[in-house]
Amino acid sequence: MITFIGPHVKATGSNDGVTSRVMAIDSLFAAQKRTYLSISFTKHIFMEKYIDNECTIIKCNYFIHFFFVLYMIARSRYVYIHTMMNYLRSMPIIIFKQHVIVDIHGVLVDELKYNGAPRWKIILYTFVEKLITRYSFKIICVTNQMKKYYIDKFKISNNKIEVLPIFSQSVDFNLVKNKDYDMKTIIYAGNLDKWQRVDEMLKLASTHPQFRYQFLVSNIDEFKKKMDKFCFDNIILNYDSVPKEKVIDYYKQASFGFVIRDNNILNKVSCPTKLVEYICNGIIPIMNDFQLGDFKGLRYISVEKFNNGNIPTENI
């Protein structure tokens, strides 16, 4: 039996980037019996259990249900852990398990530093990161750039790390072929985190009235506060918050999409879900002039060219 440690959409109701990857990995095991442990240090005082076909989902508390977690890990042939945070929630039990696979999703320690996290948290996850690289049976990375980063940082074997990028949907070639780039609609669909640089997107939108803009965000009130910083006179800008399954309807109407990131290690090793979705729906990304993850040779419009008006004026 295989046990996954991490969030499952049936238990969390969330559909963020982490959960999207969890469910994409889960689809590879759809025919197998498997168990998900959603472990919390502070929540799930009373254990909750859900059954979805071959999948059993259990929400439990690290302290109250410690011996149950120990039992589940011990009886599993393989344990697949999503993110370093969930590895921490499995300690110290997981260190003594032989076949542990850790899907690290991103470079968490660097992300904590970028976000100005407390020093104790950075030290804690630096320790967790070292344990993962030392004791895990396999480490899963989302890009070859991330794999190289960990090999260089910890001098670990090339064979210990596998690369598994996740495409949440396949390319709709008919949609791409028939895409009308004269529509001049630019979309952004995502969260409002600091690293998403939504303020910069809004600044660009406020100075380019020849386009229509569609923002699909998780927090409308917070987005309005960001909008108040800029003037949108004579600018067609719509915003909404819709379920993930509805986003594709907006993608069909868009020609271009914002994917603006800082030029740092977080983004150089990443595989942005948003960028993958744009590609699958024939949306040309507007992005910074540096390579994101393994997307070398990707056709895009740089932010600099967009600012200078160097953009397509007819179907391409």
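**Entry 1, before starting.** I note that this is a predicted model.

I began with charged side chains, since side chains of opposite charge can pair when their charged atoms come close. How many salt bridges does the structure hold? I found that the structure holds 12 of them, and I looked up several in turn.

The pair I took to begin with was Arg21 and Asp103, whose side chains meet in a salt bridge at 3.0 Å, N to O. Arg21 belongs to helix H2 (residues 17–26) and Asp103 to strand S6 (residues 100–103), so this pair ties together parts that are 82 residues apart in sequence. Are these two residues buried or exposed? I looked up both, and Arg21 is buried, as is Asp103.

Next I turned to Lys33 and Glu54, which also form a salt bridge through their side chains, at 3.4 Å, N to O. This pair links distant parts of the chain, 21 residues apart: Lys33 sits in the loop between H2 and strand S2 (34–40), while Glu54 sits in the loop between strand S3 (48–52) and strand S4 (55–61). Lys33 has 61% relative accessibility and therefore counts as exposed, a class that begins over 50%. Glu54, at 32% relative accessibility, counts as partly exposed.

I then looked up Lys138 and Glu162, where the salt bridge spans 3.2 Å, N to O. Lys138 lies in strand S7 (residues 138–141) and Glu162 in strand S8 (residues 161–163), so the pair ties together parts 24 residues apart in sequence. Lys138 is partly exposed because its relative accessible area is 21%, and buried would require a value under 20%. Glu162 counts as partly exposed too, with 36% relative accessibility.

About 30 Å³ of space lies in the largest cavity. Which residues line the largest cavity? I wrote down Met84, Ile104, Glu129, Ile132, Thr133, Ile139 and Tyr150. By type, this lining divides into five nonpolar residues, one polar and one charged. Helix H6 (residues 119–135) supplies the largest share of the lining, three residues.

Where is His65 placed? I found His65 in the loop between S4 and helix H3 (66–75). His65 counts as buried because its relative accessibility is 11%, and the cut-off for buried is under 20%. Setting aside residues up to four places away in sequence, His65 touches His44, Ile45, Phe46, Met47 and Cys60.

I had already written down Tyr150 as one of the residues lining the largest cavity. I then followed Phe215, which, leaving aside neighbours within four places in sequence, is in contact with Tyr188, Met201, Leu202, Phe223, Leu237, Asn238, Tyr239, Asp240 and Phe258.

Note on methods:
Residues numbered from 1 in each chain as written. Predicted model: local features only at pLDDT ≥ 70, side-chain atom pairs only at ≥ 80, totals over all residues. Heavy atoms only, no water. Salt bridge = Lys/Arg side-chain N within 4 Å of Asp/Glu carboxyl O. Helix = DSSP H or I, 4+ residues; strand = E, 2+ residues; numbered from the N terminus. Buried < 20%, exposed > 50% of the residue type's maximum accessible area, 1.4 Å probe, protein only. 1 Å grid on protein atoms, 1.4 Å probe; cavity = no way out; pocket = protein on both sides within 12 Å on 5 of 7 lines; lining within 4 Å. Points joined across faces, edges and corners; volume = space filled by probe spheres on them. Nonpolar A, V, L, I, M, F, W, Y, C, P; charged D, E, K, R; others polar. Contact = heavy atoms within 4.5 Å.
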